[in-house]
Amino acid sequence: MPEKQLRRMNAHYALIQGLFWGGYATIWAFLTVLLLYRGFSNSQIGVVSFLALTLPIVVQPGLAALADRDGRFTSRRLGLTLVCLAATAAGVMWAWGANRLLTAVLYVLIGVCLTATQPFFSSMAMEWQMAGADLNFGLGRGIGSACYAALVLLLGQLTERYAPTLVVPVFAGLFAILALAVWRFRSAPAPRMEGERPQVLTNLQLLRKYPRFVLLLAACALLMACHSSSCTYMIHIVEKAGAGSGAMGAALALAAFLELPAMGLFSRVRRKVPLAWLLIFCAAFFVIRAGLFWAARSVPVLYLAAALDFFEYGIFIPATVYYVAEHIDPANQVKGQSLMGMATIGVGSAFGNF
């Protein structure tokens with residue numbers, strides 16, 4: 001692929017990741033703040049979050065299997081469908097948000113779409129990698145983290161000044177633009193297979209074929225349980241440290257901004273350090289970060305813990321995506337990315353939140 005065309009594709013993919021994670025920050029980082037404002041209890045918020053993150057376990061693997069089996073259902077098309085559904089649900093919530101039951105149902109639906117969409121975006125990048133184009137997933141995902149940070153920082157200030165319901169129309173607008181960006185993105189050509197084409201497996205068959213992958217999925221789920229609980233209930237952690245939603249936004253923004261250089265440099269680092277060692281390295285920082293949040297009684301300690309995202313989440317996400325790309329056969333790539341997404345964003349996050 002010509003260098004100019006590759007740069008344009010990298011910019012387009014970064015735009016998709018930026019809009020997705022900007023929208024994710026808008027609706028999900030402020031889940032607790034918005035639902036508390038709507039009169040939900042902490043237990044009810046935990047149930048909403050748990051359902052939003054576990055229901056994709058039923059939905060997403062089936063969609064991923066469809067993508068592997070039928071070339072008409074590409075990662076791009078399935079991701080586009082989920083993005084449009086999430087934007088529509090946000091529009092309905094904006095119009096009839098006073099109804100608490102409807103708000104809970106729509107929040108769960110949006111959460112299902114968010115959790116199920118991201119593995120398809122990862123697959124879109126890895127499909128181009130296997131087609132021979134050096135699409136920089138780490139940089140694109142890092143741009144996504146930077147946009148997450150910018151939205152969290154901005155909305156942290158705005159929700160203190162205005163009502164937290166502001167996040168709903170902002171999310172709907174971002175995802176409407178995201179739908180257009182995904183629609184315009186080119187799907188990668190199918191990779192050429194030499195010899196016998198690998199068999200398209202069921203989820204259970206895939207797990208039986210790659211037993212070490214099962215252990216990795218379990219480990220990643222536990223790490224994300226550790227990570228997500230502090231993110232979802234950050235408002236209570238900062239209140240314990242004597243601050244408010246402005247400090248919450250600043251802490252989340254600091255963490256996400258530092259993910260950009262970590263993810264941007266990942267493609268270079270992985271050429272020198274094996275993925276297994278990178279995963280072990282970042283796992284240690286999951287534990288250290290959680291310990292600092294637990295001990296935080298002042299804002300500086302809070303910010304120090306947030307800054308460790310550079311070594312933790314910033315390495316973890318691209319490492320898991322590239323691990324699937326390198327260790328799962330091409331005929332089951334979407335399914336592999338889906339299982340990793342379900343283990344981390346799905347099961348792990350749901351367990352931590354619940």
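**View 1. The second largest cavity of the predicted model has a volume of about 140 Å³.** A cavity is a set of points, on a 1 Å grid over the protein atoms alone, where a 1.4 Å probe fits but cannot get out; the volume is the space filled by probe spheres set on the points, which are joined across faces, edges and corners. The lining has 14 residues, and Gln118, Ser122, Val321, Gly341 and Ile345 are the closest to the centre; lining residues have an atom within 4 Å of a point. This is a predicted model, in which local features need pLDDT of at least 70, side-chain atom pairs count only at pLDDT 80 or more, and totals for chains, interfaces and linings use all residues. Residues are numbered from 1 along each chain as its sequence is written, and side-chain values use heavy atoms, with hydrogens and water left out.

**View 2. Helices around the second largest cavity.** At least two lining residues each come from helix H6 (100–130), H7, helix H16 (313–327) and H17; helices are DSSP runs (H or I, at least four residues) numbered from the N terminus. H17 gives the most, 5 residues. The lining comprises 7 nonpolar, 6 polar and 1 charged residues (nonpolar: Ala, Val, Leu, Ile, Met, Phe, Trp, Tyr, Cys and Pro; charged: Asp, Glu, Lys and Arg; polar: the others, Gly among them).

**View 3. The largest cavity has a volume of about 370 Å³.** Its lining has 24 residues, and Tyr24, Tyr148, His227, Cys231 and Tyr313 lie nearest the centre. Helices H1 (3–29), H7 (137–161), H10 (211–232), H12 (245–264) and H17 (333–353) give two or more residues each. H10 provides the largest share, 5 residues. By class, 13 lining residues are nonpolar, 7 polar and 4 charged.

Methods
On a 1 Å grid over the protein atoms alone, a cavity is a set of points where a 1.4 Å probe fits but cannot get out, and a pocket is an open set with protein on both sides within 12 Å along at least five of seven lines; lining residues have an atom within 4 Å of a point.
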